[in-house]
Amino acid sequence: MKQISLALLAGALFGAGLALSGMADPAKVRGFLDIFGAWNPTLMFVMGGALMPMGVAWRIQAKLRAPLAAERFNLPDTTKLDARLIGGAVLFGIGWGVAGLCPGPAITDLALAPRAAFVFVLAMLAGMAAFKFTSPRQPTARNLTADWGGRKDER
Amino acid sequence: MPLSWLFGLLGGLMIGTAAALMLLGLGRIAGVSGLAARATGLADAGPPHTLAMAFILGLPLGGWLMARAMGGVSLSIPSTATLVVGGLLVGFGTRLGSGCTSGHGVCGMSRFSRRSILATVIFMASGIATVAFMRMAGL
C-alpha cells in the first residue's frame with residue numbers, strides 16, 4: 001500500500017509538473033522542435049529543471065543498498081547501442097514532431113483535453129500492441145528487471 | 001507569457017523530483033512509455049502492474065489539480081489525423097527504443113547512460129527534422 005501511494009504521488013507530481021511547465025501543450029512542444037522556424041526555447045528549462053533533482057538522486061542512489069520503500073533497485077543494465085535503440089528513437093521522434101505529444105504529456109492531457117488526448121493515447125497503445133505482437137517474446141524469467149521502457153533486451 | 005521560462009523551470013523541477021521519488025523510494029525508473037505499457041498489459045517485463053497503474057493514474061490527476069490551481073491551462077490541439085499518426089509512431093517507437101522523453105531523456109541522461117544520451121539526441125533530431133519537413137511541405 002505504501003508503494004502504491006508513493007507511485008500515485010510520483011505520478012501526480014509528474015503530471016502537475018508537466019501542466020505547469022507548458023509541456024502539456026502540443027503547440028508549445030512543436031514550437032520547441034521548430035528550430036528552423038518560430039523557435040520557442042522555453043522547454044529547455046523544463047529538461048534542465050528535471051535533470052537537476054535526478055542528477056542528485058543518482059548520487060544518492062549510488063550510496064544506497066536498497067530503495068527506501070522497496071526491497072531492491074530494479075534498474076536497466078543494458079549498455080548496447082544497437083539498431084533497435086536507434087530505430088525506435090527515430091520513429092518516436094517523428095511521432096513526437098507530428099503531434100507534439102510524447103507519452104507523459106499525452107496521458108496527462110486526458111484530464112486537460114480529453115477528446116484529443118484519448119485519440120492519441122488509443123493510437124499510442126495500438127502502436128505498443130503492434131510492437132508486442134510483432135517482436136519475439138522476451139524471456140519471462142527476468143521479468144523483475146526493468147529497462148527504461150520496462151523491457152529487457154534479449155541476450 | 002513573459003514568465004513561461006520560470007514555469008518551465010519549476011515544472012521541470014517537479015518532474016525531476018517525481019522521477020527521484022520513483023528512483024529512491026521504489027528503485028524504479030520513471031519511464032512513462034514503459035509504465036504505460038506495463039499498466040495496460042502491453043509489456044512482458046517491468047514493475048508490478050498495480051504500481052505502474054498508480055503512477056499512470058497519477059499523471060492526469062496531478063495535471064488536473066495543477067490546471068485548477070492555475071485557473072486553467074491553454075492547449076492547442078492538433079488535427080485528429082496527426083494525433084492518430086503521431087500516437088501510432090510514438091507507441092511503436094518508444095517500445096522498440098525502450099524509452100521516451102522521461103526514461104531516456106530525464107532519467108537516463110542524468111545517469112550519463114550512453115544509450116539514453118544517444119536515444120535522446122536521435123529523437124530530438126528526428127523531431128526537429130519532422131517539424132521542419134512539415135513546415136516546408138505546408139502541413
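Modeller: On a 1 Å grid over the protein atoms alone, a pocket is an open set of points with protein on both sides within 12 Å along at least five of seven lines, whereas a cavity is a set of points where a 1.4 Å probe fits but cannot get out; lining residues have an atom within 4 Å of a point. This is a predicted model, in which local features need pLDDT of at least 70 and side-chain atom pairs count only at pLDDT 80 or more, while totals for chains, interfaces and linings use all residues. Residues are numbered from 1 along each chain as its sequence is written, chains are lettered from A in the order in which they are written, and side-chain values use heavy atoms, without hydrogens and water.

Biologist: Which residues lie nearest the centre of the largest pocket?

Modeller: They are Met23(A), Leu43(A), Val46(A), Met47(A) and Thr101(B), out of 22 lining residues. The space in this pocket is about 310 Å³, a volume being the space filled by probe spheres set on the points, which are joined across faces, edges and corners.

Biologist: Which element gives the most to that lining?

Modeller: α3(A) does, with six residues. Helices here are DSSP runs (H or I, at least four residues), numbered from the N terminus.

Biologist: And how does the lining divide by class?

Modeller: It has 17 nonpolar residues, five polar and no charged. Ala, Val, Leu, Ile, Met, Phe, Trp, Tyr, Cys and Pro count as nonpolar, Asp, Glu, Lys and Arg as charged, and the others, Gly among them, as polar.

Biologist: How many cavities of 30 Å³ or more are found?

Modeller: The search of the whole structure finds two.

Biologist: Changing topic: how much area is buried between chain B and chain A?

Modeller: About 10,000 Å², with 75% from carbon and sulfur atoms; this is the accessible area (1.4 Å probe) that the two parts lose on being put together, summed over both. Leu24(B), Asp44(B) and Arg115(B) supply 8% of what chain B buries against chain A, more than any other three residues.

Biologist: How many salt bridges are there between the chains?

Modeller: Three are counted between chain B and chain A, each a side-chain nitrogen of Lys or Arg within 4 Å of a carboxyl oxygen of Asp or Glu. One joins Arg135(B) to Asp34(A), at 2.4 Å from N to O.

Methods: Helix = DSSP H or I, 4+ residues; strand = E, 2+ residues; numbered from the N terminus.
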